[in-house]
Amino acid sequence: MKNPSFCRLLLMVLLQLFFASEILANTLTLMCTRTERDFSETYELKIQSASSANSSPKVYLDGRDLDVVGSEGRQFVKNVTITKQKASYLLSTQFDAEVLEGISYSAGSVTSIVMIDRETGKLRKLDTIQGGILGANLGDGTKSYEEQCVARP
């Protein structure tokens with residue numbers, strides 16, 4: 001990885017997994033609002049930590065499981081941490097090489113780290129894009145996004 005800030009952030013999330021104190025809940029449900037220019041979208045985000053050693057963590061966006069394997073690629077929730085102060089998850093996505101409208105794109109990947117401050121509801125997402133159609137159109141590198149969330153009972 002070439003971005004030292006991303007490496008530090010990834011290390012912080014991984015350390016949080018090992019040293020997280022006071023896990024309050026296995027599931028956190030939020031209503032989040034994404035705003036970009038004139039566009040605004042509200043969606044439900046449900047984060048579940050692994051309930052046992054044999055289960056895997058889950059993240060749902062408007063009820064859709066983010067663990068997906070299909071013809072467009074593969075996406076997996078790598079970990080989920082829910083503490084009193086924060087919630088976070090790591091998402092890994094790989095895309096196969098493809099041809100779209102006569103243009104060839106290499107295989108690509110996106111690694112997303114999502115962190116939510118439970119007190120303020122601020123969601124921060126860091127996407128690191130490498131190759132593929134996203135790299136060709138958005139550029140390789142790390143992009144940062146912020147959204148606002150409110151916990152649902």
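Modeller: Here is a quick chat about the sheet, the core and a few side chains. This is a predicted model, where local features need pLDDT of at least 70, side-chain atom pairs count only at pLDDT 80 or more, and totals for chains, interfaces and linings use all residues. Residues are numbered from 1 along each chain as its sequence is written, and side-chain values use heavy atoms, with hydrogens and water left out.

Biologist: OK, what order do the strands of the open sheet have?

Modeller: The ten strands run β4-β3-β2-β1-β12-β11-β10-β7-β6-β5, with antiparallel pairing. Strands are DSSP runs (E, at least two residues) numbered from the N terminus, and two of them pair if DSSP finds at least two bridges between them.

Biologist: Which strands stand at the edges?

Modeller: β4 (64–65) and β5 (68–70); each has a single partner strand, so one side of each is left without a neighbour in the sheet.

Biologist: And how many bridges join β2 and β3?

Modeller: Four, in the antiparallel sense. I47 has V59 in β3 as its bridge partner.

Biologist: What else is I47 in contact with, leaving aside neighbours within four places in sequence?

Modeller: Among others, L28, L30, Y89 and I116. Contact here is heavy atoms within 4.5 Å.

Biologist: Which residues touch the most other members of the largest nonpolar core?

Modeller: L30, L45, I47, V59, Y89, I116 and L123, out of 19 residues. Strands supplying at least two residues each include β1 (27–36), β2 (39–48) and β10 (108–117). By a nonpolar core I mean buried Ala, Val, Leu, Ile, Met, Phe, Trp, Tyr and Cys residues joined through side-chain atoms within 4.5 Å. Buried is under 20% relative accessible area, exposed over 50%, partly exposed in between (1.4 Å probe, protein chains only).

Biologist: Switching topic: is V99 buried or exposed?

Modeller: V99 counts as exposed, because its relative accessibility is 58%. V99 belongs to strand β8 (residues 98–100).

Biologist: How many disulfides does a search of the whole structure find?

Modeller: One. C32 and C149 form it, with sulfur atoms 2.1 Å apart; the cut-off for a disulfide is a pair of cysteine sulfur atoms within 2.5 Å. C32 lies in β1 and C149 in β12 (residues 141–151), so the pair ties together parts 117 residues apart in sequence.

Biologist: Are those cysteines buried or exposed, and what's the handedness?

Modeller: Both C32 and C149 are buried. The torsion about their S-S bond is about 110 degrees, so the disulfide is right-handed.
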